[in-house]
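Me: I would like to learn how to read helix packing and salt bridges in a model. Can we go through one structure step by step?

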Amino acid sequence: MPHNVAIILAGGKGERLGFSIPKQFLKFAGKTCLEHSVHVFYECPEISQIVLVVCAEYIEQTQKLFANYANKPILIIKGGQTRNQSTFCALQALAPQIEPNARVLVHDSVRPLLSSNVLLQALCALENYDAIDTAVLAIDTILEAKNGIISHIPKRENLYYGQTPQGFRFAQLYAAYHQAYKENPKLDTFSDDCGLLLAYCPQAQIGVVKGEHDNHKLTHVQDLAYIEHLFYLKTSNVTQTIARLKDKVIVVLGGTSGIGASIVQIATQYGAKAFALSRRMGVDICNYAALESVFCDIAEKNGRIDAIMNLAGILYKQPLVQTENAQIEELVATNYTGNLYVAKAAYPHLLRSHGMLILTSSSSFSKGREGYCIYSSLKASIINLTQALSDEWSVENIAVNCVIPGRTRTPMRIANFGNESSILLQPEFVARKYLQTMLANNTGMIVHVSPNHVFSPCEERAE
């Protein structure tokens with residue numbers, strides 16, 4: 001197999017974004033932007049080495065982030081003042097150890113949603129071209145203008161938005177950089193590596209690899225919310241085989257009816273030790289002492305707790321002004337404060353097992369719903385709680401995720417909405433998504449469960 005190296009450029013300071021830290025160290029779904037960008041290359045068997053180019057003051061922090069990445073060499077080096085300088089630094093570091101015909105992929109650290117599919121296409125395309133650029137077709141009209149006056153409007157069908165990774169043969173790119181450096185040691189003329197190669201090796205054939213709009217670059221403040229939303233959509237697609245549940249110790253609050261009961265039943269079928277807790281069993285999530293006691297008891301008898309899932313919740317479908325104050329207090333206590341108690345009581349046990357906390361939101365979180373504004377607003381807060389806890393606990397290897405069930409046929413829904421004519425999800429279907437989320441090696445996920453998530457026969461046979 002040819003030597004394939006990934007160079008990930010993380011030397012920028014993100015001054016346009018206006019934060020106190022470079023944008024590549026901002027977090028999404030429990031990990032920094034840089035970690036997400038590295039992950040796809042680290043998990044790709046075809047990539048044999050990764051070079052991270054960072055600014056000097058963040059080398060130590062980067063070393064800590066990747067201290068446990070032992071399956072593949074990761075070289076962390078100091079970058080330059082410009083993008084091209086940083087690429088040249090990486091090439092110089094690789095020169096003594098890499099064969100001339102090795103393939104090199106250069107990627108922006110602030111494109112955290114690069115897919116493995118695009119990565120593999122980029123590697124394959126280098127069999128047919130001297131170099132490649134990942135790009136998507138332009139959807140806007142592009143103008144050429146000088147001094148505020150339009151001089152040319154190119155045909156849109158020939159225009160692309162450039163992305164990364166860009167791919168090269170090492171020797172050719174290194175030679176081009178040497179020439180560029182001799183002419184201009186500042187290396188501040190080009191905005192990317194393909195532009196530099198084309199200038200100094202005009203005979204090079206640079207192919208276009210079809211990119212994806214999700215491979216978005218974090219540049220402006222507005223991009224934060226957009227990329228966060230893309231992570232929601234991406235992490236909803238959990239597909240782990242639940243056959244791996246054998247011998248797991250799982251606690252399910254709200255586990256005696258609806259989705260919770262289905263989780264307990266399915267987990268038990270697959271060899272897990274699943275414990276259903278609920279108010280009818282004397283465990284109220286609004287009682288912190290009771291939670292502490294039962295968690296300690298389960299952990300002592302079973303040696304550990306691998307996952308704690310909270311599905312307990314209540315809903316009164318009525319306008320705010322018609323809701324008694326006692327009901328408001330009950331809604332807040334169960335749907336929000338109880339989650340805080342569950343998390344706090346779960347923490348010491350999940351710390352020992354490096355386990356996972358799974359909370360539950362609602363499809364109403366994204367827009368307040370008439371008739372149950374208290375419930376929907378409280379469920380929106382669970383998204384924020386999940387994100388905050390995933391950041392707080394990630395350094396201690398505790399995962400915190402949230403599942404958002406679509407409209408599901410549960411006793412609580414039937415009690416509030418009656419027998420609806422619309423298609424409802426079955427509890428067993430949603431329960432499997434909870435269990436697959438538990439088996440995913442991620443934190444900070446917001447997993448939407450909708451009718452589009454269909455379990456394939458292949459997955460069932462694999463289990």
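**Helix pairs and salt bridges**

Reply: Helix α8 passes helix α13 in a right-handed crossing. Keep in mind that this is a predicted model.

Me: How are two packed helices described?

Reply: Two packed helices are described by the angle between their axes and the distance between the axes. Here the axes of α8 (residues 258–269) and α13 (residues 427–439) cross at roughly 65° and come within 8 Å.

Me: Which residues of α8 and α13 meet?

Reply: On the α8 side they are G258, I259, S262, I263, I266 and A267. Their counterparts in α13 are P427, E428, V430, A431, R432, Y434 and L435. Sorted by class, this contact has 9 nonpolar, 2 polar and 2 charged residues.

Me: What angle do α3 and α5 make, and how far apart are their axes?

Reply: Helix α3 (residues 83–94) packs against helix α5 (residues 170–183) at about 125°, and the axes are 10 Å apart. An angle from 65 to 115 degrees would count as roughly perpendicular, and one over 145 as roughly antiparallel. The pair α3 and α5 is therefore oblique.

Me: What is the hand of the crossing of α3 and α5, and which residues make the contact?

Reply: The crossing of α3 past α5 is left-handed. From α3, the contact uses N84, T87, F88, L91, Q92 and L94. From α5, it uses F170, L173, Y174, Y177, H178 and Y181.

Me: Now the charged pairs. How many salt bridges does a search of the whole structure find?

Reply: The search finds 8 salt bridges. One of them pairs D108 with R83, whose closest N and O atoms are 2.5 Å apart. D108 belongs to strand β6 (residues 103–108) and R83 to helix α3, so this pair ties together parts 25 residues apart in sequence.

Me: Is D108 buried or exposed, and how does R83 count?

Reply: The cut-off for buried is under 20% relative accessible area. D108, at 6% relative accessibility, is therefore buried. R83 has a relative accessible area of 23%, so R83 counts as partly exposed.

Me: What does a salt bridge inside one helix look like here?

Reply: Take K301 and D297, whose side chains meet in a salt bridge of 3.3 Å, N to O. Both lie in helix α9 (residues 288–302), 4 residues apart, which means a separation of about one helical turn. K301 is exposed, at 64% relative accessibility, whereas D297 is partly exposed, at 33%.

Technical notes: Residues are numbered from 1 along each chain as its sequence is written. This is a predicted model: local features need pLDDT of at least 70, side-chain atom pairs count only at pLDDT 80 or more; totals for chains, interfaces and linings use all residues. Side-chain values use heavy atoms; hydrogens and water are left out. Axes are lines fitted to C-alpha atoms, for helices over the stretch in contact, and angles run from 0 to 180 degrees between N-to-C directions. Helices (H or I, at least four residues) and strands (E, at least two) are DSSP runs, numbered from the N terminus. Angles under 35 degrees count as roughly parallel, over 145 as roughly antiparallel, 65 to 115 as roughly perpendicular and the rest as oblique. A crossing is left-handed if the near helix is turned anticlockwise from the far one by less than a right angle, and right-handed if clockwise. Contact means heavy atoms within 4.5 Å. A salt bridge is a side-chain nitrogen of Lys or Arg within 4 Å of a carboxyl oxygen of Asp or Glu. Buried means under 20% relative accessible area, exposed over 50%, partly exposed in between (1.4 Å probe, protein chains only). Ala, Val, Leu, Ile, Met, Phe, Trp, Tyr, Cys and Pro count as nonpolar, Asp, Glu, Lys and Arg as charged, and the others, Gly among them, as polar.
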